[in-house]
Amino acid sequence: MYSIKKVGLFSDPDHYSKAYHAFENLSAKYDVFSSWSQDFFQEAVVDRLPPKRDPLRMLGIGSGAGEAEYDMIQYLLKKYDRVENRVVEPSEERLDEYQKLVTGDPLMKNVEFIWESKSFEEFRGVVDAAAKPYHFVSALHSLYHVTDPTDTLKFMYDSLERGGIMLVILSTADSAFGKIWSRFPAISTGSNYMFLHTDHVKKTLDWMEAPYYTFRGGEFLDITSCFDSQSKHGNLALDFITTIVNFRKWATPALVDELLDFLKSPQCSNVTSEGSVLFHDQWEAVLVQKP
């Protein structure tokens, strides 16, 4: 028996924001993405986009607080004089953080931001994909939250102008997150979160007969604090990993112990000689250029 009612993390925006920030503090993912942008984004996206687009129109789905898009825009501005960026993000708090990031920044003076405080489904319901095509469309670790991934990917592709590029980044099927969801059905059952991984994306693109190219990346996150039941930030990070509000309070002691043992196992993490638990998050970037 579970001690409290199960509440999915994405049903509680306030708790989600706290859990996300706690997990983000363990992660260097934006440093990793900045490195990926420096090494690959220029070649994989910017150099392949058609020249002389004024403005370059881009669409971000689930843009969060904008850290990753900020990096990408800087590279795009080296090729294009102006950028128009439509930002679709359901969290008002994250959208506010994004606005604070770019407001008054001289590097963003030639960028017009169009703020859409909507879920993808809400945005999808009011926008005709063919009405105003985009040159670049991205969804970075955000498709986990959509109700129909196949329709979302088709919409993204249909939203592209000829020569435009679509970028999707998700965890891989063999990532630690994927292994957790496969190993613990009690966590995933009834959740409003879908563990979508890049194999799903590639199968959908194969069905659409849309050629794609990929890049893989990954990082280690120090999740040692998750093993301390008294750590506020550790418990919040554990909520993010399991996508359950107050996981320790909801789960049985046996389930908590089993999950923590699994998190520490070689399937998910490396344990250092000092006892730190380094969680391995693997992701893949899937890119499509519309003929």
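Buried here means under 20% relative accessible area, while exposed means over 50% and partly exposed is in between (1.4 Å probe, protein chains only). Helices (H or I, at least four residues) and strands (E, at least two) are DSSP runs, numbered from the N terminus.

This is a predicted model, where local features need pLDDT of at least 70, side-chain atom pairs count only at pLDDT 80 or more, and totals for chains, interfaces and linings use all residues. Residues are numbered from 1 along each chain as its sequence is written, and side-chain values use heavy atoms, with hydrogens and water left out.

**Strand β2 and its partner**

- β2 spans residues 83–88, and six of its six residues are buried.
- Strand β1 (residues 56–61) runs parallel to β2, and six bridges join them; two strands pair if DSSP finds at least two bridges between them.
- Within this pairing, G60 stands opposite V87 in β2.

**The nonpolar cores**

- A nonpolar core is a set of buried Ala, Val, Leu, Ile, Met, Phe, Trp, Tyr and Cys residues joined through side-chain atoms within 4.5 Å.
- The largest one has 34 residues, and the members that touch the most others are I180, I223, I241, F247, L259, L263 and F279.
- Each of these elements supplies at least two residues of this core: α1 (13–26), α7 (176–183), α10 (232–242), α11 (247–250), α12 (253–264) and β8 (277–289).
- With six residues, α12 gives the most to this core.
- There's also a second, separate core of 32 residues, and V83, L95, F113 and F215 are among its members.

- α10 is mostly covered, with nine of its eleven residues buried.
- Those buried residues are G234, N235, L236, A237, L238, D239, F240, I241 and T242.
- Take I241: leaving aside neighbours within four places in sequence, I241 is in contact (heavy atoms within 4.5 Å) with F23, F177, I180, W181, I223, C226 and L263.
- How do α10 and α12 cross? Their axes come within 13 Å and cross at roughly 85 degrees, which makes α10 roughly perpendicular to α12.
- Axes are lines fitted to C-alpha atoms, for helices over the stretch in contact, and angles run from 0 to 180 degrees between N-to-C directions.
- Angles under 35 degrees count as roughly parallel, over 145 as roughly antiparallel, 65 to 115 as roughly perpendicular and the rest as oblique.
- On the α10 side the contact is made by L238, I241 and T242, and on the α12 side by L259, L260 and L263.
- Sorted by class, that contact has five nonpolar, one polar and no charged residues.
- As for the classes, Ala, Val, Leu, Ile, Met, Phe, Trp, Tyr, Cys and Pro count as nonpolar, Asp, Glu, Lys and Arg as charged, and the others, Gly among them, as polar.

**Helix α1 against helix α4**

- The axes of α1 and helix α4 (residues 92–102) come within 10 Å and cross at roughly 50 degrees, so α1 is oblique to α4.
- S17, Y20, H21 and E24 are the α1 residues here, and they meet E93, R94 and E97 in α4.
- This contact has one nonpolar, two polar and four charged residues.

- Most residues other than glycine have a negative phi, and most peptide bonds are trans.
- T243 isn't a glycine, yet has a positive phi of about 60 degrees.
- T243 sits in the loop between α10 and α11, and counts as buried because its relative accessible area is 4%.
- H141 isn't a glycine either, and has a positive phi of about 55 degrees.
- The peptide bond from D54 to P55 is cis, with omega near 0 degrees, and P55 falls in the loop between α2 (29–44) and β1.

- T152 is in helix α6 (residues 149–158) and counts as buried, at 1% relative accessibility.
- Not counting residues up to four places away in sequence, T152 touches F120, L143 and V146.
- D12 is in the segment before α1 and counts as partly exposed, at 27% relative accessibility.
- From D12 to G163 the C-alpha to C-alpha separation is 39 Å in space, and they are 151 residues apart in sequence.
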